[in-house]
Amino acid sequence: GTYAALLFDERWTSKRQEILERDNFSCKICSTQETLQVHHRQYHLIKITGKFKPPWDYEDYLLITLCESCHSRGHSKFKVPVIHI
């Protein structure tokens, strides 16, 4: 049900692994290889359903590898844009 629960779905774990590999298992901001996460550059809200697209259903260019620290710092500085589709 929840967005957080979707992060345990095998489709997300697979997509996450692809992005980590593409980014050479390092944060694209500070280059660390510790506590890596995959960040969505934007979220897509589906107008008809009022729900966000599942996390694995985004184009690769909208995903980036960040360490936990850079990811957290980015979210505190910038709001992730929501695109209504």
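Me: How many aromatic pairs does the structure hold?

Reply: The structure, which is a predicted model, holds two aromatic pairs. In one of them the rings of tyrosine 3 and tyrosine 43 have their centres 6.2 Å apart and their planes at 90°, so this pair is edge-to-face.

Me: Which parts of the chain does that pair link?

Reply: It links distant parts of the chain, with tyrosine 3 in helix α1 (residues 3–6) and tyrosine 43 in strand β2 (residues 43–46), 40 residues apart.

Me: And what does tyrosine 43 form with phenylalanine 52?

Reply: Tyrosine 43 and phenylalanine 52 form an aromatic pair that is also edge-to-face, at 6.1 Å centre to centre and with 70° between the planes. Through such ring pairs, Tyr3, Tyr43 and Phe52 are linked into a cluster. Phenylalanine 52 is partly exposed, its relative accessible area being 40%, and tyrosine 3 is partly exposed as well, with a value of 31%.

Me: Switching to lysine 53, where is its place?

Reply: Lysine 53 belongs to the loop between β3 (51–52) and β4 (63–67), and it lies over the face of tyrosine 58, at 4.9 Å from the ring centre.

Me: Is lysine 53 buried or exposed?

Reply: Lysine 53 is buried yet has no salt bridge, because the nearest side chain of opposite charge, aspartate 57, is 4.6 Å away, whereas a salt bridge needs the nitrogen and a carboxyl oxygen within 4 Å.

Me: Which backbone oxygen does the side chain of lysine 53 reach?

Reply: The side chain of lysine 53 reaches the backbone oxygen of aspartate 57, at 2.8 Å.

Me: What else does lysine 53 touch?

Reply: Not counting residues up to four places away in sequence, lysine 53 touches Tyr3, His44, Ile46, Tyr58 and Ile85.

Definitions and conventions
Residues numbered from 1 in each chain as written. Predicted model: local features only at pLDDT ≥ 70, side-chain atom pairs only at ≥ 80, totals over all residues. Heavy atoms only, no water. Phe/Tyr/Trp six-rings, centres within 6.5 Å; stacked < 30°, edge-to-face > 60°. Helix = DSSP H or I, 4+ residues; strand = E, 2+ residues; numbered from the N terminus. Buried < 20%, exposed > 50% of the residue type's maximum accessible area, 1.4 Å probe, protein only. Lys NZ or Arg CZ within 6 Å of the ring centre and 35° of its normal. Lys, Arg positive; Asp, Glu negative; His and termini not counted. Polar contact = N/O pair within 3.5 Å; in protein donor to acceptor, adjacent residues only side chain to side chain. Contact = heavy atoms within 4.5 Å.
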